4 protein chains.
Amino acid sequence: ARPRELGIKIGVLPTGLLNAITDVPGVQVGHFTIHNGTDDHTGATAILPISGNIFQDKLPAAIFVGNGYGKLAGYTQVEELGSLETPILLTNTLSVSKGMDALVDYTFGFAENKDVMSVNGVVGETNDGGLNDIRKRLLTAENMKQAIANAKAGKVAEGNVGAGAGTVCLGFKGGIGTSSRILPKTLGGYTVGVLVQSNFGGVLQVAGVPVGEELGVHKFKKLLKDYGEDGSCMMVVITDAPLTAKNLKRLAARAMLGLARTGGIASNGSGDYVISVSTATSVRMNDANNEMLRESKELKSGNLDVIFEAVIEATEEAIINSLFAAETVTGYKGYKVEALPVAETLQILKKYGRLN
Amino acid sequence: ARPRELGIKIGVLPTGLLNAITDVPGVQVGHFTIHNGTDDHTGATAILPISGNIFQDKLPAAIFVGNGYGKLAGYTQVEELGSLETPILLTNTLSVSKGMDALVDYTFGFAENKDVMSVNGVVGETNDGGLNDIRKRLLTAENMKQAIANAKAGKVAEGNVGAGAGTVCLGFKGGIGTSSRILPKTLGGYTVGVLVQSNFGGVLQVAGVPVGEELGVHKFKKLLKDYGEDGSCMMVVITDAPLTAKNLKRLAARAMLGLARTGGIASNGSGDYVISVSTATSVRMNDANNEMLRESKELKSGNLDVIFEAVIEATEEAIINSLFAAETVTGYKGYKVEALPVAETLQILKKYGRLN
Amino acid sequence: ARPRELGIKIGVLPTGLLNAITDVPGVQVGHFTIHNGTDDHTGATAILPISGNIFQDKLPAAIFVGNGYGKLAGYTQVEELGSLETPILLTNTLSVSKGMDALVDYTFGFAENKDVMSVNGVVGETNDGGLNDIRKRLLTAENMKQAIANAKAGKVAEGNVGAGAGTVCLGFKGGIGTSSRILPKTLGGYTVGVLVQSNFGGVLQVAGVPVGEELGVHKFKKLLKDYGEDGSCMMVVITDAPLTAKNLKRLAARAMLGLARTGGIASNGSGDYVISVSTATSVRMNDANNEMLRESKELKSGNLDVIFEAVIEATEEAIINSLFAAETVTGYKGYKVEALPVAETLQILKKYGRLN
Amino acid sequence: ARPRELGIKIGVLPTGLLNAITDVPGVQVGHFTIHNGTDDHTGATAILPISGNIFQDKLPAAIFVGNGYGKLAGYTQVEELGSLETPILLTNTLSVSKGMDALVDYTFGFAENKDVMSVNGVVGETNDGGLNDIRKRLLTAENMKQAIANAKAGKVAEGNVGAGAGTVCLGFKGGIGTSSRILPKTLGGYTVGVLVQSNFGGVLQVAGVPVGEELGVHKFKKLLKDYGEDGSCMMVVITDAPLTAKNLKRLAARAMLGLARTGGIASNGSGDYVISVSTATSVRMNDANNEMLRESKELKSGNLDVIFEAVIEATEEAIINSLFAAETVTGYKGYKVEALPVAETLQILKKYGRLN
């Protein structure tokens, strides 16, 4: 069961129906997963903010770099133009190039893109090289396209799936997690959805409870020089609130605050990136027509606070969800990463007054 | 009593002797405070990373902007050159100019600066205009210089002092707070100190416990459009670890993660800035000598994680300290801001298993 | 006479009627100038993008930092919010604080701003400490307000006026300069205006002609270690093209390309800042009304190239204009800076086929 | 012949022996070129700042984004860590992924990298889709590795080679170009080398002479809405001056000033990136040893001006060199791009007093 079903409450805002990024109307998610013997635990996750030809109907977008020790593709163009022109792919560190190829193929697949000669694919990654024999570079562009083809609305599989197949988070098996928040009608009624690929280190907190310390599993338990480099976190934030790049960048920055609340520290070796996108039609950046001017209608900045809160809460919960969903994996060279012990964690949460 | 003396433990690393920014050898802090009738509640706080003529012995430094709705002076030069050449002053929004004047006077006060024609004063601010009649612009450059003159090593006054005289944080009276962490000898044994001027909004958490919700005092309690703009947080991070600007910027970014753990959201109206400085002699940027090259010895990036953790923990604790130290104030136009009810808060912490 | 009147043509686009920033409808410029004996050569220049209460009718704006060794006030808030809420003041390095005070006074002077408690004054500066006894800090907030009060439409005084009274540029007396470009009707017909305070070093080129080398006056003439630190350049770009902050930042970056064409190098000691603003009503950021959403109409990015060209050309010409207008000054401690020898320069331009 | 051999002098500093990036000791350049019938005109260029295993001997590096409409790989990690761990590859827009794969292969090819699981390949690109049937995606990772294998010291082929096979610049056939500058011994005697892949638009100037206007070939000749999107410029700056990332970023920014002097405007559709690297041994970032601290010796910022000048001059000349070397190509769908008419250009330069 997901944490919220178990009675764990994170934050003060209500979730959407599925408590998933797919609560944002139109968003689709697809996974391609490899679990093959002990050596191969990897995959890809595709997030389609809208269906149809996004290249011809670009969405306002921004990317915030929490810590840039990573290989995400697409950053500088999103930063310059403030728009997203492909689905988002998440995968492992050495497969970003295959994701880029897949997104070019995908874009060229639309008849009306027949003259397109430039595609800025956005591909995020974390390093699953602990559990997965990453140097093998198993994933193909076809696999990536399969992830896109698998994308659908509705419930999102979490844990050891897609790009989360081989990740490790806060000392336990990490993976894909998702969550959402709904704003009150008086504040616009918008939905904010988050999906994460969790693969980072720190001292686990669940709803503010020091679970990592209680379980004796955390990065600084041994204050020795060899505490090791750890991974990264990819966070995707999508909302139907009408926002353009400048404010989407500010939303993206807040996802790091959600990560912080799970005990994350954005460690030196981490590639922590947040991609944020608005799906609202009133801010689309369709340049197809011949007009010099574009009209748009966007939320004034004075209304952002509750959206910031929503991003923070949904990011925190998405990470916790990834940990509750992930299962123990024995991987490459016999390296074994345990799942978060859920029963024990619930006991700790009870001890700390967070569960009845 | 300070939270830690009351048994509240934040984080996993040990504090310094004073649990204050002054645990970093050589650091001095001074306040100038005005509490005058109901109308005037403001002041200035000076932080001297080293004693002596800092202009001739520049320190590596960086400033991270968590949210830039603020008037901090000195940002672009610190960003370009990576050095600090004056003490740091904190004050109210409309008194930054007076702080700049004071830092020029201070710099000109050293005989060996007699040919100096350019001074990049770093002055941070938050807006105390709720409790303080800020439009009066009461503070003078002389007052600022008094704050500098008052600077000393040792215990640091917290709460309604200096630049914290009139601030409001997470629904309660905020103010100045400070904390520190000591790294284990195996990891360098360095000290990390943080001082904050807390004036921001969100949903208060104390050591992960939802105190704001329990007390029914938080930003999103009423999900109405008029939840109001709230203030800012100035954070100063000083360490004797030998770091240059590039890594100091990364330290500064982590302070925002500490703020997040208190329930802060870096709201739209917030000016959240982190100034980070290294006092290590092996990285000083003294250009007085005639050499073309500068030798330095700095910590490799692979050793930063425990420092990141230290910054996050000390920032979280400094903010909580500011709330525990601050006292109820009735201010301008009779506006009253209550102190955090400490007894009640301790009860809540007990209920949540965080205190015996 | 101004260079263009002398037959010097810079760029391929036509200028506005006055070849000045005031060709942009509504823009006003005012100077306050001190030339007092040998010691005092300084002042302030005010640029009002629109008349009336700009605080209640904020304009999209951006600031690009070409080289950040400077003390400009207002950067981080413009960067965060993308808006300008005060006139722009230019002055000397140590008088920025007085400019900030003046802009607060100015803002408080409007009855409808009676509840305003926070003002982000934008004040740029260069260091006139060669010719001016800058440590005296002669300029007052009243002087700054006088510059604002002096602001008017129409012809703009250039050279040794206002903030340009004591500046030095490319080895000659610098100062205030301005220029403009008009876009063809087919490309929108917009006006782009630039005003500069020139105080920087390099190897002077006039319309591509190596005047600095020919005159034997340039930064690298003696390739010795003591070529000295030189100053800065403040550039203000205003247009009536409807642009928001993201694209205004890109415009601002192009002004540096104009500076490059005069022989500027953005030297280490330079504070080179570009402030760019749109005055178009369709992008104003008036938050006074109660709507959650803001409608706007802005130029699509695909139409920017000719505006980039306009910014580059007008910046180049504004700098050259400042040099042609400035006159020889003997200043502090008898330091004398010669004006560009115009007759000789025209001869050189003839030799290089740029003049008949 | 190269422009300088023809008597065209750009800037005031002397060039290195080869007037090429390979004047910096240790630098090697290799091309892989395809010219196949009319359809295929593309390739890759590899720049190796040092020979040997750069992954184990990382170099300080920075990337400046002049205009970010591009797909360069590797940006965020270089920005975060300030180091380069692979050779640099330049290629076409849709082949960046192949370059990334090649750089992983290359890195894995060193025995001592057998445990490496993460490689931040730096791959720049411009779009040769006018002359080249880019959608075919002809280039393979093997081709890229061939470019690396071809790398050698000494003379560098310019024009229609490697990544410059199909590029277009300022209305003429562009391509690869390179240049260098030597600092006087009194200023350190360092070498600064630049290599460009020129593919951008504007109004061509050669040594300040308005050649584009004279030839009637430039972007704004017809001030019509359909002036079209144009390409990009990749610039690689390498020096043996001991500099770390912070100052290398400042060097990189200056390359844009060199581009400006050729008439470039960093147009909306341009991906203009500058990669700058120091090869000095005193600043290498080798983390292999077990020390917590790293000693380094770097040039003080006060000595940068002449290096800035060198970067600007060498970038300008490298672009001009690319134009002089490139030859007319008839490409995809019969699209023909003329080489710069050298004889005519020399006549124009004579007319403008720049040639005897």
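Predicted model: local features only at pLDDT ≥ 70, side-chain atom pairs only at ≥ 80, totals over all residues.
## Where chain C meets chain B

Among the elements of chain C, those that give two or more residues to the side touching chain B are β3 (59-68), α1 (75-81) and α2 (96-108), and of these α2(C) gives the most, with eight residues. The residues on this side of chain C divide into 15 nonpolar, 14 polar and 11 charged.

In terms of contact, 40 residues of chain C meet 40 residues of chain B, and the area buried between the two chains comes to about 3400 Å², with carbon and sulfur atoms giving 50% of it. Thr76(C), Met117(C) and Arg135(C) together supply 20% of the area that chain C buries against chain B, which is more than any other three residues supply. The rule also finds four salt bridges across this interface, and a salt bridge joins the side chains of Asp105(C) and Arg137(B), with an N to O distance of 2.5 Å.

## Where chain B meets chain A

Between chain B and chain A, 51 residues of chain B are in contact with 51 residues of chain A, and the buried area is about 3900 Å², of which 54% comes from carbon and sulfur atoms. The salt bridges counted between these chains number four, and Lys219(B) forms a salt bridge with Asp305(A), in which the closest N and O atoms lie 2.8 Å apart.

Polar contacts across the interface of chain B and chain A amount to 26 residue pairs, both residues being at pLDDT 80 or more. On the side of chain B that touches chain A, two or more residues each come from β3 (59-68), α5 (245-261) and α6 (305-325) of chain B, with α5(B) giving the most, namely six residues. The residues of this side of chain B divide into 22 nonpolar, 16 polar and 13 charged.

## Cysteines without disulfides

Over all chains, the count of disulfides comes to zero. Cys233(A), for instance, is in no disulfide, and the nearest cysteine sulfur, which belongs to Cys169(A), is 6.5 Å away, whereas a disulfide would need the two sulfur atoms within 2.5 Å. Cys233(A) is buried, its relative accessible area being 0%.

In chain D, Cys233(D) is likewise in no disulfide, with the sulfur of Cys169(D), the nearest cysteine sulfur, lying 6.5 Å away. Cys233(D) is also buried, with a relative accessible area of 0%.

Key. Residues numbered from 1 in each chain as written. Chains lettered and ligands numbered in written order. Heavy atoms only, no water. Contact = heavy atoms within 4.5 Å. Buried area = accessible area lost by both parts, 1.4 Å probe. Polar contact = N/O pair within 3.5 Å; in protein donor to acceptor, adjacent residues only side chain to side chain. Helix = DSSP H or I, 4+ residues; strand = E, 2+ residues; numbered from the N terminus. Nonpolar A, V, L, I, M, F, W, Y, C, P; charged D, E, K, R; others polar. Buried < 20%, exposed > 50% of the residue type's maximum accessible area, 1.4 Å probe, protein only.
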